[in-house]
Amino acid sequence: MDVTRLKKGHDLAIAGKPEKRLTYAGRPAWLKIRPSDFHGIKPRLLVKEGDHVKAGAPVFCSKNNPDLLVTAPGSGRVATIVQGERRSINEIIIDLDRSESFETFETFSEEAVASLSSGRIKEQLLRSGLWPVIRQRPFSSVADPDRLPKAVFISTMPTAPFAPDTDYLLEQDASGLQTGLIVLKRLTGKPVHLVTGETSSNTILASAKHVVHHRFSGPHPAGNVGIHIHHIAPIRNRDDIVWYIALQDVLRIGRLFLKGKLPVEKIVTIGGESIEKRHYVKTRQGMMLKDILWDNRLEDNSRLVSGDVLTGLKSLPEDPLGYYHEIISVIPEKTGRDLIGWLMPGLKKYSVTNLFLSRLRNNQGARLDTGMNGSPRVMVPFGNIESVLPMNILPTFLIKMILARDIDEMEKLGIYECDPEDFALCSFVDASKTEIAEIIREGLEYVEKNG
Amino acid sequence: MEPHFGEGGKWSRLAPLYEMVDTLFYVPGTVTSTAPHIRDTIDMKRSMFTVIVALMPALLFGIYNTGYQADPGAGIMQNVRTGFFAVLPLILVSYIAGGLCELLFAIIRRHDINEGFLVTGLLLPMTLPPDIPLWMVAAGISFGVVIGKEVTGGTGYNVFNPALVARAFIFFAYPGEMSGDSVWSLADELTAATPLAVASSVQGTNAATLVSSAGYSIKEMFVGLIPGSVGGTSTMAILAGAVILIATRIANWRIMAGSLAGMVAAAFLANTLAPASQNTMLSLSPLHHLVMGGFAFGVVFMATDPVSASQTDKGRWIYGILIGALCVMIRVLNQAFVEGIMLAILLGNTFAPMIDYFVLRQNIAKRQKAYARQ
């Protein structure tokens with residue numbers, strides 16, 4: 001098998017890597033659902049405060065497609081519906097039952113799944129509320145059930161800081177993997193691309209059937225699904241759809257069909273230097289961060305992030321774990337100001353560039369906190385941002401065209417292949433402190449709306 | 001103190017000045033507001049300061065050489081002192097006059113002061129003859145900052161390298177102070193022709209012989225103890241700067257390599273034409289071109305300005321080659337401007353956006369091909 005070797009990028013040497021030790025978060029009292037997690041779904045509520053829902057029962061659907069449901073991640077009473085401006089729905093809080101009841105769905109054996117029709121699979125995924133684990137590019141929104149993709153991508157080689165180790169996850173419980181893969185294959189009838197790292201020796205993945213195997217190697221973001229799509233089946237235009245799913249969610253799809261109830265558990269990692277215990281936790285969808293971190297202590301002046309430090313969401317302890325997030329990062333918040341930073345040798349200053357002495361030790365001992373480390377300026381194209389983007393895309397020019405709101409040129413320069421998460425390192429290394437990933441997000445939103 | 005400079009404060013118009021002084025001493029304490037939550041330590045101040053560091057070997061050698069050219073027998077200490085008091089005013093005037101223009105525009109246009117000026121303000125005096133009148137420096141740098149940079153939108157939007165615009169302005173507005181044999185030395189009674197002037201002085205002979213009979217060996221010109229502009233004579237010191245710029249990746253090595261390749265190719269081409277012509281300059285070897293005049297300084301410090309150069313990797317090669325070849329062409333064919341590198345880089349700046357345009361079209365075509373292949 002060919003290996004796609006990528007050179008551009010950077011593996012962050014950030015302190016606080018999670019240990020391979022699995023703990024269990026206890027049963028929480030509350031669960032929260034955030035409609036804003038589901039990009040592309042405008043929610044229409046199907047419950048009201050006081051209603052009782054079973055796990056897997058509908059909570060809201062998409063205004064554009066009533067079949068596209070988001071269901072309750074646990075059984076209980078809908079305690080509060082928190083509304084924001086113009087009656088948008090911020091949060092739905094569920095008061096969890098002591099003994100939970102589940103909606104039941106039809107069960108199948110692995111062999112039976114292999115002969116299911118696409119329509120039947122779609123119906124089960126939609127009704128259970130597990131459909132939203134499937135997302136589509138361009139625009140990274142929840143997959144549109146009415147439009148089949150040209151391919152499905154599953155990355156099993158996360159390179160983001162503190163990302164869960166694939167081998168360790170599968171060691172815990174690999175049940176449902178093959179069933180999940182068959183479901184995706186039967187559902188779409190299109191190639192399902194399974195991407196593993198060059199050095200992966202995982203036999204479960206290697207023996208997976210009904211998929212196209214690929215191997216990639218290189219520093220972050222080489223493990224991002226957007227990079228794989230770019231090199232295997234690039235997105236040509238806005239109607240050229242590719243689906244992608246996290247590995248854990250493939251397992252959950254498999255378990256839904258094998259066991260007939262909505263699987264709500266997932267394993268997340270806790271990492272970063274500002275938290276006491278760094279390990280893997282078995283948690284469930286919709287849990288508040290403070291419940292997941294119940295026996296863990298955050299240092300003062302730290303930032304809690306749902307997701308990884310490059311793309312995650314700044315969160316409060318009361319916020320739920322993001323629907324798609326598998327990492328909780330806790331990093332030191334910057335306090336105070338450094339004296340004459342431009343002049344100091346910078347032995348302990350983290351940098352991808354060769355401008356500080358820390359580079360001589362490969363950033364060992366250099367700390368990363370939330371500081372911007374400089375003032376915003378007009379962009380000067382030193383070539384830093386190109387050095388961390390392993391795609392045949394010219395970011396400097398794409399950014400200019402986004403700022404100029406020139407849709408025609410954005411399309412020619414490959415905007416549909418882009419996703420903010422693949423440009424996070426560009427924001428990280430830029431000397432002018434320009435929010436490049438945010439500009440990419442703006443550009444995508446603009447073409448999505450006006451294209 | 002800070003609230004006075006904030007919005008609605010009594011000195012809010014002077015906010016850029018406050019920002020400059022404030023961040024000069026302390027790195028801003030701002031934290032990330034959105035993902036990514038962490039940032040590299042690199043910022044514009046550090047990047048531009050690195051260029052200043054890279055300029056230091058050439059500047060220090062230039063100071064010594066300025067004194068040495070005035071009185072070779074006075075001893076090193078005396079030479080350095082003479083040079084220091086000749087060069088320091090140039091730099092101070094350049095920084096003060098240019099800095100005022102920069103500040104004025106920052107206040108009027110309400111943007112922060114850009115660190116790029118630190119480089120521009122030092123580059124200009126290093127490309128000038130040491131005894132140039134100070135008011136010319138002031139006029140030149142003002143022109144460079146205002147016309148070369150601010151009228152097109154300020155740092156980051158300039159088409160030409162502002163320091164070169166300033167130098168070109170002085171060169172064309174006051175040619176008497178910028179060319180001829182008497183300007184390169186502090187002492188008025190001394191006339192010293194630069195090697196390039198020597199090489200182009202007589203027709204129908206061999207330039208290399210002319211240069212060496214005037215007392216300039218390749219080694220001497222490489223080291224740089226020759227008449228010339230303040231910072232541009234020592235190829236050796238400039239190379240030290242080039243190493244710093246390439247190692248830190250502040251300057252793109254492709255531009256330097258391209259320029260060198262373009263210059264060597266053009267010089268060899270000129271060499272093959274030499275026997276058929278009376279033009280002495282045709283016979284200059286690439287090595288001569290490298291060590292004579294401002295070629296090395298221009299290629300290392302001016303052509304590599306990331307804003308006015310091509311901004312794609314392939315484009316940087318083409319841009320570099322173009323500058324190298326143009327420099328030789330101007331030196332050889334138009335001896336009114338023996339110092340060809342300035343015009344070559346300005347022409348290179350002119351073509352840079354067009355080069356990028358074609359690289360961009362090629363990138364788009366390549367993507368279309370990848371789309372068709374899958």
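**Entry 1: burial and conventions**

A residue counts as buried if 20 or more other C-beta atoms lie within 10 Å of its own, as exposed if 12 or fewer do, and as partly exposed in between, with C-beta atoms placed from the backbone. I applied that to chain B: 53% of its 374 residues count as buried. For chain A I got 52% of 451 residues.

I am working on a predicted model, where local features need pLDDT of at least 70, side-chain atom pairs count only at pLDDT 80 or more, and totals for chains, interfaces and linings use all residues. Residues are numbered from 1 along each chain as its sequence is written, while chains are lettered from A and ligands numbered from 1 in the order in which they are written.

**Entry 2: confidence**

I looked up the complex scores. The predictor gives an ipTM of 0.91 and a pTM of 0.92. Then I checked chain B by pLDDT (the predictor's confidence in each residue, from 0 to 100). Its mean is 87, and 95% of the residues of chain B reach 70 or more. Which elements of chain B have the lowest and the highest mean pLDDT? Helix H1 (residues 2-5) of chain B is lowest at 70, and helix H12 (residues 235-247) of chain B is highest at 95.

**Entry 3: chain B overall**

I took helices (H or I, at least four residues) and strands (E, at least two) as DSSP runs, numbered from the N terminus. Chain B has 17 helices and 0 strands. Its radius of gyration is 22 Å, close to the 21 Å from the globule rule for 374 residues, so chain B is as compact as a globular protein of that length. That radius is taken over C-alpha atoms, and the rule is 2.2 Å times the number of residues to the power 0.38. The C-alpha trace of chain B spans about 70 × 65 × 35 Å along its principal axes.

I also looked at contacts (C-beta atoms, placed from the backbone, within 7 Å). Of the contacts in chain B with a separation of 6 or more, 70% are between residues 24 or more positions apart.

**Entry 4: chain A overall**

Chain A has 12 helices and 20 strands. Its radius of gyration is 22 Å, close to the 22 Å that the globule rule gives for 451 residues, so chain A is as compact as a globular protein of that length. I noted a C-alpha box of roughly 65 × 50 × 45 Å along the principal axes of chain A. In chain A, residues 24 or more positions apart make up 69% of the contacts with a separation of 6 or more.

**Entry 5: domains of chain A**

I used bounds from an automatic or database domain assignment. They divide chain A into domain 1 (3-11 + 132-259) and domain 2 (372-450). The domain centres, taken over C-alpha atoms, are 25 Å apart. I found 20 residues of domain 1 in contact with 13 residues of domain 2. Helix H6 (residues 225-232) of chain A gives the largest share of the domain 1 side, 3 residues.

**Entry 6: the A/B interface**

How many residues of chain A are in contact with chain B? I read off 61, against 48 residues of chain B. Strand S18 (302-306), helix H9 (395-403), helix H11 (424-429) and helix H12 (436-450) of chain A each supply at least two residues of the chain A side. The largest share of that side, 4 residues, comes from H11(A). By class, the chain A side has 29 nonpolar, 19 polar and 13 charged residues. My classes: Ala, Val, Leu, Ile, Met, Phe, Trp, Tyr, Cys and Pro are nonpolar, Asp, Glu, Lys and Arg charged, and the others, Gly among them, polar.

**Entry 7: A:Gly346**

I located A:Gly346 in the loop between strand S20 (327-332) and H9 of chain A. Is A:Gly346 buried or exposed? A:Gly346 is buried, because 20 other C-beta atoms lie within 10 Å. Leaving out residues up to four places away in sequence, A:Gly346 touches A:Phe356, A:Leu357, A:Ser358 and B:Thr41.

**Entry 8: backbone checks**

Most residues other than glycine have a negative phi, and most peptide bonds are trans. I noted these cases.

- A cis peptide bond joins A:Arg137 and A:Pro138, with omega about -5°. A:Pro138 lies in the loop between strand S10 (135-137) and strand S11 (141-142) of chain A.
- Another cis bond joins B:Ala35 and B:Pro36, with omega about -5°. B:Pro36 lies in the loop between helix H2 (15-25) and helix H3 (44-70) of chain B.
- A:Arg86 has a positive phi near 50°. A:Arg86 is exposed, with 5 other C-beta atoms within 10 Å.
- A:Asn301 has a positive phi near 55°. A:Asn301 counts as exposed, with 12 C-beta neighbours inside 10 Å.

Terms used:
Two residues are in contact if their C-beta atoms, placed from the backbone, lie within 7 Å.
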